[in-house]
Amino acid sequence: ILLMDEQGIVVSVNLAFTNNFGYQNDDIIGRHAAILFTEEDQEKGLPETEIRAVLHTGQGSDNNFIVSKDKTKTWVSGESILVKNKSGEKGILKIIQNIHQQKISESSLQSLNTFNENILGSIEDVVIVLDDTMHIIKANNAFFKLFKYQVQDVQKMNFAELISPYDVFEELQNSIQNAISTKKGFLNIPIEIETVSGEKRIFDVSCNS
């Protein structure tokens, strides 16, 4: 917890603040809260923008880096509330939550998703990703080169609709449904499908659940 006056000068902090960010009371009290922001955020005027917003609306929330005394950066979530003392003097009470590990996890997940998308795009075989109701989540470039569908059409489609004209005995559909329910995939079920050029080609379909 951090308490500032109307100008953003730090009036007090609690023990959790000093333990988390390394500042002692003498390091932070009496100084502008802008020292807790990165140089980039200071140049953008974010500390002042945050203070003005709270003074105007009575509250505010933000996610940004706090710079510790040792110059390490911690991603935090802040909730600010406009308060008054008995003399009517205004102050800003800020409750800070350390969400750095969450930020790292989100960044890692985003990097992993980008990595997976790049891999998917580089595979020459047709790849289709389904959810547990057999609706298509995504398909790779090879799919759209071979078949007549657009991205927006496929994302609304159930795989059964796409395959039913060629899967007369529903062998492939049943195999996929079984893979979804049992979490066990299958290999090389052949099926003849007409491509965008009008020719019919035999595909070996495999599934990993």
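The protein chain has nine helices and nine strands, taken as DSSP runs (H or I of at least four residues for helices, E of at least two for strands) and numbered from the N terminus. This is a predicted model, in which local features need pLDDT of at least 70 and side-chain atom pairs count only at pLDDT 80 or more, while totals for chains, interfaces and linings use all residues. Residues are numbered from 1 along each chain as its sequence is written, and side-chain values use heavy atoms, with hydrogens and water left out.

Of the 209 residues, 32% count as buried, that is, under 20% relative accessible area with a 1.4 Å probe, protein chains only. The accessible surface of the protein chain is about 13,500 Å², and carbon and sulfur atoms hold 49% of that; the areas come from the Shrake-Rupley method with a 1.4 Å probe. Among contacts (heavy atoms within 4.5 Å) with a separation of 6 or more, 35% join residues 24 or more positions apart.

The largest nonpolar core consists of 22 residues. Such a core is a set of buried Ala, Val, Leu, Ile, Met, Phe, Trp, Tyr and Cys residues joined through side-chain atoms within 4.5 Å. Phe 159, Leu 162, Ile 163, Leu 172, Ile 176 and Phe 186 have the most contacts inside it. Two or more residues each come from strand S7 (136–139), helix H6 (141–146), helix H8 (159–163), helix H9 (171–182), strand S8 (186–194) and strand S9 (200–207). Apart from this core lies another of 17 residues, including Met 4, Tyr 23, Ile 28 and Val 54.

The structure also holds one cavity of 30 Å³ or more. A cavity is a set of points, on a 1 Å grid over the protein atoms alone, where a 1.4 Å probe fits but cannot get out; lining residues have an atom within 4 Å of a point. The largest cavity contains about 100 Å³ of space, the volume being that filled by probe spheres set on the points, which are joined across faces, edges and corners. It is lined by 14 residues, and Met 4, Ala 33, Phe 37, Glu 50 and Lys 94 are the closest to its centre. Helix H4 gives the most to this lining, with three residues.

Asn 64 belongs to strand S3 and counts as buried because its relative accessibility is 6%. Beyond its neighbours within four places in sequence, Asn 64 is in contact with Phe 37, Asp 41, Glu 50, Thr 74, Trp 75 and Val 76.

Conventions
1 Å grid on protein atoms, 1.4 Å probe; cavity = no way out; pocket = protein on both sides within 12 Å on 5 of 7 lines; lining within 4 Å. Buried < 20%, exposed > 50% of the residue type's maximum accessible area, 1.4 Å probe, protein only.
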